[in-house]
Amino acid sequence: MHTDRPLSKKIDATVPTAARMYDHYLGGKDNYAADRAACEELDKVVPSTRRLALNNRRFLQRVVGTLATDYGIRQFLDHGSGLPTQNNVHQVAQAIDPDARVIYADNDPMVLVHGRALLEQNERTAVIHADLRDTDAIFSHPDTERLIDFSQPVAALFNSVFHCIPDSETDGPQAVIRRVSERLAPGSFMVICQLVSEDPEVREFVTDFMDRATQGHWGRVRQEKDVAELFAGMEIIEPGLVEVSTWRPDTEVHTRQLTQEWIEFGGLGRLR
C-alpha cells in the first residue's frame, strides 16, 4: 500500500519526537530541550522509562545477534529505526558477517541526516526517508531493491514503534504486519515489541500526554494481548512473548525492568 502521507524534511526543535526522546533516554546527544522536558514530565508518572529504553535497546541487539548467529539471517529491514546510537543493527549483524545488509526506514528527518552521515562509507547499509506504514515506498525504494533479495529470508524489525501509530484498518499495526508478511519469503522473521500496560490509567495518561506532546504523532499504549495478536499465524520463537529484558538475557545477572507500570513487550516470530 502506498500512502499520500507527507514526509516532513524540516527539523522542528520545539516539538518533541519519539525518536529524539528515545535518544535522550539512551544518553544520546541528538535531542533538544523540548524532548528533554517531555521526558521529565513523562518520568513523573512512569519513572522506569529510562531503564525501559535501555532494556529495549539491549533486546534489539540480542535479537539481531540471535537472528544472524542461530538462523543465518543476513538481511534486515528496520522499520521506524530511530536515531543511530551505539551497537546499531548493522554493527551487530556485520560483526557476525560483514556481508549482512541492512535498510533503516524512518520518517524523522533528523534520523535521515544523522544516519546517512554515519553510513556514508558502508555500502551494505542504507537509511531511507519513509513512514513505516508506507510498505510500497519502503520495498520499492532503490536502496532496498539494491540491498535486499526478497526471494531469500529477511528479518523485518518493528522494535518499539507500533505505539507511535494509531489503530486503523488500513494503516494500523495489524495492517502493516499483514502487508509486510505478504512480501517476505517463507522462513523470514518478524521482531515486534511495543509499550504496553495492564493499568488503564497509565495507558490513558501516556497515550494522551504523548499525543499532545508530539502534536498527533502517536498511537496508543496497548496491552499484551494486542501485541500477541500481531503474531497470529507465525511460529513464535522461544522464550515466547515476554517483557523484553527477559528475552534470552546475556547473563543471569541481566538488567531487569525495575517497575511494571508499563513495559516493552514482544518477541520474535517466524513466517511459515
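Arginine 50 is found in helix 3; helices here are DSSP runs of H or I with at least four residues, strands are runs of E with at least two, and both are numbered from the N terminus. This is a predicted model, in which local features need pLDDT of at least 70, side-chain atom pairs count only at pLDDT 80 or more, and totals for chains, interfaces and linings use all residues. Residues are numbered from 1 along each chain as its sequence is written, and side-chain values use heavy atoms, with hydrogens and water left out.

At 36% relative accessibility, arginine 50 counts as partly exposed, because that class lies between buried (under 20% relative accessible area) and exposed (over 50%), using a 1.4 Å probe and protein chains only. Leaving aside residues up to four places away in sequence, arginine 50 touches His24, Tyr25 and Gly27, where contact means heavy atoms within 4.5 Å. The C-alpha atoms of arginine 50 and methionine 21 are separated by 9.9 Å, and these two residues are 29 apart along the chain.

## Helix 1

Two of those contacts, His24 and Tyr25, bring us to helix 1, where they are among the buried residues. The buried set is Ala19, Arg20, Met21, Asp23, His24 and Tyr25.

What covers these buried residues includes helix 2 (33-43), helix 3, helix 5 and helix 9 (200-213). After helix 1 comes glycine 27, whose phi is positive, near 85°.

Now for the strands. All of strand 4 (residues 155-159) is covered: 5 of the 5 residues are buried, so it is largely enclosed by the rest of the structure. In a regular strand the side chains alternate between the two faces of the sheet. Here, both faces are covered, with Ala155, Leu157 and Asn159 buried on one side and Ala156 and Phe158 buried on the other. Strand 4 pairs with strand 1 in the parallel sense over 3 bridges, pairing being called when DSSP finds at least two bridges between two strands. In that pairing, aspartate 78 has leucine 157 of strand 4 as its bridge partner.

Strand 4 also runs parallel to strand 5, joined by 5 bridges. Alanine 155 is partnered with phenylalanine 189, and alanine 156 with methionine 190. Strand 5 (residues 189-196) is mostly covered too, with 8 of its 8 residues buried. Strand 5 and strand 8 (residues 263-270) run antiparallel and are joined by 8 bridges; valine 196 stands opposite isoleucine 263 there.

## Helix 8 between the strands

How do strands 4 and 5 relate to helix 8? Together, strand 4, helix 8 (residues 173-183) and strand 5 make a right-handed β-α-β unit. Right-handed means that, with the strands pointing away from the viewer, the path from the first strand over the helix to the second runs clockwise.

The buried residues of helix 8 are Pro173, Ala175, Val176, Ile177, Arg179, Val180 and Ser181. They pack against strand 1 (75-79), helix 6 (135-140), strand 4, strand 5 and helix 10.

## The cavity

The count comes to 1 cavity of 30 Å³ or more, and the largest cavity has a volume of about 110 Å³. A cavity is a set of points on a 1 Å grid over the protein atoms alone where a 1.4 Å probe fits but cannot get out, and lining residues have an atom within 4 Å of a point. Grid points are joined across faces, edges and corners, and the volume is the space filled by probe spheres set on the points.

Of the 16 lining residues, Ser81, Gly82, Pro84, Asn88 and Tyr104 lie nearest the centre. Helix 3 (49-70), helix 4 (89-96) and helix 5 (109-118) each give two or more residues to the lining, and the largest share, 3 residues, comes from helix 5. By class, the lining has 9 nonpolar, 5 polar and 2 charged residues; Ala, Val, Leu, Ile, Met, Phe, Trp, Tyr, Cys and Pro count as nonpolar, Asp, Glu, Lys and Arg as charged, and the others, Gly among them, as polar.

## Backbone details in the loops

Glutamine 215, in the loop between helix 9 and helix 10 (224-230), has a positive phi near 55° and is exposed at a relative accessible area of 60%. A cis peptide bond joins glutamate 238 and proline 239, with omega about 15°.

Methods
On a 1 Å grid over the protein atoms alone, a cavity is a set of points where a 1.4 Å probe fits but cannot get out, and a pocket is an open set with protein on both sides within 12 Å along at least five of seven lines; lining residues have an atom within 4 Å of a point.
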